[in-house]
Amino acid sequence: MKAIVLNGIGQADRNLDYVGGIAADELRGHGCKVESTILRDLAIAPCMGCFGCWVQTPGICLIDDAAREVTRKMIQSHLVVYLTPITFGGYSSDLKKVLDRSIGLISPFFTRINGEVHHRKRYAQAPKLLGVGIAHEPVGEGARIFKALIERNAINMHNKAHAACVVSEDQSATEMHELMRAALHELGIMS
Amino acid sequence: MTTEDQRVLLLVGSPKAPGRSVSEALGCHVIEKMEARGWSSRTIFIRASLQSDGGQSTLLNAASNADLILLSFPLYVDSLPAPVIRAMELIAEHVLRKNARLVAIANCGFPEARHNNVALDICRRLADAAGLEWAGGLALGMGGALSGKHLRDQGPMAGKIIESLDLAVDALVGGESIPDEAVRRMARPIIPAVMYTAIGNFGWRRQAKRYGVKGKLNDRPYQP
Ligand SMILES: Cc1cc2nc3c(=O)[nH]c(=O)nc-3n(C[C@H](O)[C@H](O)[C@H](O)COP(=O)(O)O)c2cc1C
């Protein structure tokens, strides 16, 4: 099973880098071939909101930078992991810059899901989605918003399954491993 | 402090060029009405301002001097566009005016306004983190039916949006939060959802034809 970790830990939060290591170890322990992408090290321009990835070069963003390769790897993986410090409940800007550039992975055409309008799939198979949020306090409102955001993204991006796990800085590595393991099991990924 | 001393800062969260975004049209309407009530205003385009150190400090200084920060943005993947999150990360670290307030307007491409709820929750959390008072948020669906033109030039479709924004302005200049009635009016569909999606689907095909890729809209360039 191929897994890509989109590591959205920013420059100012480098002290959290070890959480990326814990996530990668846990994934390997579950039989995944892991590729970790440190997004802060990649020059990725922000989305311009032009929809060129839908109507000009369908499926490929017009901006030719590292985001193209990252999005290609996302759709070619079985599991995508969003690793991020929980930022006001959501994702860090480093993670978000690549997600904004990934809408070419779905179709522009509209469909209905659970009574709401969304976009159709572009690819027959979309990866499973695991959100790993690093929180200041694990049970706070930020954690609730983070889980809601993962769930909303999974609908929009047609992820086959999704789970969110929230770890906090004051937890031990063992506790973090346990939380990640539980989330992987929720996704049907067993060791 | 008199109302003449009050300053509103409009932060445009759309990456589109000035004059092109729905976010700007919505925000402009609010600041024009506030100026008519004696407020002074300033507008900053977030994506452009983050491109240089100078632009970044201009943004932060403007945020420090504002009594009300109005953030108007498009919904991107159920959340805020990356440059807006970057600006939030910077603003939260910065010293702002005592008693300054934050208000947000989110617009999205799907018909249902509720897609914006998570993004508005994120804005509320930013207010907490930055020590700003949260003055409420408005959510608009069917952004694809609108344009960057001034709202008064966008015909009858903009009617309920203008009503909502005018209610919001009344509350904000009076020191209050956005009233529920403004939230309700903003969330009302502009046209029936089936009509919106049919026009939208037609629009994607028409644009693709213009670029010579009409039969390729469902291509899978990254198919393994
Ligand atoms: C990268 C990207 C992601 C988007 N994600 C969503 C979304 O998750 N939900 C939605 O309803 N609309 C989404 N939209 C549509 C925009 O919110 C919509 O077109 C909006 O009206 C643009 O406003 P603006 O003119 O102020 O930029 C997305 C658009 C882009 C370019």
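**Ground rules.** I number residues from 1 along each chain as its sequence is written, with chains lettered from A and ligands numbered from 1 in the order in which they are written. The model is predicted, so local features need pLDDT of at least 70 and side-chain atom pairs count only at pLDDT 80 or more, while totals for chains, interfaces and linings use all residues; side-chain values use heavy atoms, with hydrogens and water left out.

**Cysteines.** I looked for disulfides, taken as pairs of cysteine sulfur atoms within 2.5 Å. The count over all chains is 0. C165(A) is in no disulfide, and the nearest cysteine sulfur, that of C32(A), is 14 Å away. I then looked up burial, where buried means under 20% relative accessible area, exposed means over 50%, and partly exposed lies in between (1.4 Å probe, protein chains only). C165(A) counts as buried at 4%. In chain B, the sulfur of C123(B) is 13 Å from the closest cysteine sulfur, in C108(B), which is too far for a bond. C123(B) is buried too, at 0% relative accessibility.

**Salt bridges.** I used the rule that a side-chain nitrogen of Lys or Arg lies within 4 Å of a carboxyl oxygen of Asp or Glu. Over all chains this gives 24 salt bridges.

One of the salt bridges joins D166(B) to K33(B), with the closest N and O atoms 3.5 Å apart. D166(B) is in helix 6 (residues 159-173) and K33(B) in helix 1 (residues 22-36) of chain B, so the pair links distant parts of the chain, 133 residues apart. D166(B) is partly exposed at 24%, and K33(B) is partly exposed at 34%.

D170(B) and R37(B) also meet in a salt bridge, at 2.9 Å from N to O. D170(B) is in helix 6 of chain B, whereas R37(B) is in the loop between helix 1 and strand 2 (40-45); these two are 133 residues apart. I noted both as partly exposed, D170(B) at 41% and R37(B) at 38%.

E181(B) and R184(B) form a salt bridge at 3.1 Å between the closest N and O atoms. Both lie in helix 7 (residues 180-187) of chain B, 3 residues apart, about one turn of the helix. E181(B) is partly exposed, at 27%.

I also found a network of salt bridges linking E141(A), R144(A), D121(B), R124(B) and R125(B).

**A nonpolar patch.** Patches are made of residues with over 30% relative accessible area and no salt bridge; like charges are joined within 9 Å, and nonpolar side chains (Val, Leu, Ile, Met, Phe, Trp, Tyr) within 5 Å. V194(B), M195(B) and I199(B) make a nonpolar surface patch of about 300 Å². M195(B) is in helix 8 (residues 193-210) of chain B and is partly exposed at 41%.

**Backbone angles.** Most residues other than glycine have a negative phi. H158(A) has a positive phi, near 60°. H158(A) lies in the loop between helix 5 (141-156) and strand 7 (162-168) of chain A, and is buried at 16%. V77(B) has a positive phi near 50°. V77(B) lies in the loop between strand 3 (68-74) and helix 4 (82-92) of chain B, and is buried at 14%.

Key. Areas by Shrake-Rupley, 256 points an atom, 1.4 Å probe, with all protein chains shown as cover. Helix = DSSP H or I, 4+ residues; strand = E, 2+ residues; numbered from the N terminus.
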